[in-house]
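Here is a friendly briefing on how two chains meet and on the spaces around them. Have a look at the model first, then read on.

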Amino acid sequence: MSELTRDERAESEELLHRALAGARLPRWGIAAAAVGAIALAIILNLTTSVAGVAGTVVVAVLLFLAIQTTWSFRVEGRRHAVDRLATTAVYATFIVALAPLVAVLATVIVKGMSVISSTFLTTSMRNISPRSEGGGLYHALIGTLQQVGIAAMFGVPLGILTAIYLVEYAPFAKSRRLSRAISFFVDVMTGVPSVVVGLFIFTAFVLTLGMERSGFTASLALTILMLPVVVRSTEEMLRIVPRELREASYALGIPKWRTILKIVLPTALGGIVTGAMLAIARVAGETAPLLLTTFLSQSINTNPFKGPQAALPTFIWDQFTSATDASVNRAWGGALVLIVLVMVLYGAAKIIARYTGVKRG
Amino acid sequence: MAKRIDATDVDIYYGAFKAVEGVSFAVEPRSVTAFIGPSGCGKSTVLRALNRMHEVIPGAYVEGKITLDGEDIYGSTIDPVNVRRTIGMVFQRPNPFPTMSIYDNVVAGLRLEGKKRSKSDLDAVVEGSLRGANLWDEVKDRLARPGSGLSGGQQQRLCIARAIAIEPQVLLMDEPCSALDPISTLAIEDLIDQLKERFTIVIVTHNMQQAARVSETTAFFNLAGVGKPGKLVEIAPTDVIFSTPTQQATEDYISGRFG
Ligand SMILES: Nc1ncnc2c1ncn2[C@@H]1O[C@H](COP(=O)(O)OP(=O)(O)O)[C@@H](O)[C@H]1O
Ligand SMILES: [Mg+2]
């Protein structure tokens, strides 16, 4: 070693480095390929039949893939070229998948914010013609909160109890007939279109039992819609609670029902709450069953058991079908309020789950 | 406090599968009995039959007679919940409750029994049980922290503290050290030595030195073949089993010729 000059040593280090590292594209390579691809796409846009923003973007992405892959193949070899191709494809797919979501959110926020005001949030549409500005969705907000609240009051406990039966008790039953039947109906309920559920409640409770159409009949339809979601998600969560925990509890002489209540449910709580929230969020946006079970209303009705009640989805539908500038704007406002409502519920659920479930050391 | 167990002609099933056949033995009060034998021969199954933990598996049941100080624990008027309060259990893998602090883990059995107890009573139980499990000095400053934050050996001692907090008369341990490092293993063995003053102990172990170190009596289980039920080959004072066993199979197993 000592006989090597400084230059020779540097050169040998360089050789060793290259042998280990292999040739790579320069750092600015990707940027250069991207700039080149975009420039080429713009030129093509101006000189050939490639037209429009979407078309140009697609052409630019394809050009970028081609340039980067070929260049990388020549310099770095096959493995790196494939790696870069796959990486770019993954990112591109991710962006394609995310784009509609971001676009929807952005549109709702921009259009919705333009009508949101304290009047919009605290007044109803009573005596406001579709063409005029003003009015609000207070009546619909009240309706949705009450209908979804009542549905959750029935649907969440019922769903959780059903799941507890299926996971904790059914395996010990003499015959599996009951649990098979329950599972079958839960699957069927998942597949039934919501409008059919609305029709069922309308026929069974309004036509046959003679109840009047009200927020309550709407809640019954929503209960049926959320039940299968709550049952399935809770079932999954209970199944992943390790058997060892239940056994540890039984071995302490803790009875089964207390084991479920104090050990199994708290351990699975995070997932159960999340599942219940997803179910609630799902039914909060249901429109068709509400039209059949409580229809529309333009005024505030704080009694869910009497008379038609508005709700956010039907408010959006009603305002949108009026098709005036003012009413379509109100529809966007309704959409924004609905999304915010769902997000708030979701955030609250996450916080509850965080402070009550599994402790992390 | 400590009680004796007698098993007479016990068969144990998982649904249609007979896992253990014709097992009879006695466990003396205030002694340590070790179960040894190759994997799958039914040591855990027999152990779990002793405190009616076997039947928590769907389809599983026990035939034959098991008594605790003469009382048939499978009698028709017996509540399995009470049997498990009297005969506690420690499992192979430490399993503290993940939703609970160290303190709450220790008193889980008492709290979930349903009777109200004063804070000072519970405090005393926590300190007593953790001292009994040789864990008090290590955790006394962090009783409110989650039990899952402890090391494996500490978690296992927490599980022992949790088991002795309800003051059982018998303690069953299913390979309590197999997931632990040698230092923690020694700590648990020392603990077993102290606990046998107060409890009757039955321990399943894969480690023959451990059986020789901690137990007075050793039971050797074996399997006639794959798919056949496990059987108790012989049970005798530990020094006899390890020096002059009566059965060839026992000698082969102990001298490492199989298993
Ligand atoms: N939950 C179970 N369901 C069905 N068979 C089981 C179950 N647990 C254990 N077995 C069977 O019972 C036999 C004895 O198992 P086990 O008592 O765990 O053996 P050991 O503890 O001696 O290794 C084995 O054949 C095993 O496959
Ligand atoms: Mg075992």
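On a 1 Å grid over the protein atoms alone, a pocket is an open set of points with protein on both sides within 12 Å along at least five of seven lines, a cavity is a set where a 1.4 Å probe fits but cannot get out, and lining residues have an atom within 4 Å of a point. Grid points are joined across faces, edges and corners, and a volume is the space filled by probe spheres set on the points.

This is a predicted model, in which local features need pLDDT of at least 70 and side-chain atom pairs count only at pLDDT 80 or more, while totals for chains, interfaces and linings use all residues. Residues are numbered from 1 along each chain as its sequence is written, chains are lettered from A in the order in which they are written, and side-chain values use heavy atoms, leaving out hydrogens and water.

**Pockets**
- The second largest pocket holds about 310 Å³ of space.
- Thirteen residues would be a lot to list, so to speak briefly: A:Arg243, A:Glu247, B:Arg48, B:Phe91 and B:Asp174 lie nearest the centre of this second pocket.- Its lining has 4 nonpolar, 3 polar and 6 charged residues, where Ala, Val, Leu, Ile, Met, Phe, Trp, Tyr, Cys and Pro count as nonpolar, Asp, Glu, Lys and Arg as charged, and the others, Gly among them, as polar.
- About 460 Å³ of space lies in the largest pocket, and A:Glu168, A:Phe172, A:Tyr250, A:Lys256 and B:Val56 are the closest to its centre among 20 lining residues.
- H10(A) gives the most to the lining of the largest pocket, with 4 residues; helices (H or I, at least four residues) and strands (E, at least two) are DSSP runs, numbered from the N terminus.
- The lining of the largest pocket divides into 12 nonpolar, no polar and 8 charged residues.

**Cavity**
- The structure holds 1 cavity of 30 Å³ or more, with about 40 Å³ of space in the largest cavity.
- Residues from both chains line this cavity, including A:Ala248, A:Leu252, B:Met89 and B:Cys159.
- H6(B) gives the most to the cavity lining, with 3 residues.

**Interface**
- The contact (heavy atoms within 4.5 Å) takes 32 residues from chain B and 24 residues from chain A.
- Chain B and chain A bury about 2300 Å² between them, 68% of it on carbon and sulfur atoms; buried area is the accessible area (1.4 Å probe) that two parts lose on being put together, summed over both.
- B:Phe97, B:Thr99 and B:Leu112 supply 28% of the area that chain B buries against chain A, more than any other three residues.
- The rule finds 2 salt bridges across the interface, a salt bridge being a side-chain nitrogen of Lys or Arg within 4 Å of a carboxyl oxygen of Asp or Glu.
- A:Glu244 and B:Arg93 meet through their side chains in a salt bridge (3.6 Å, N to O).
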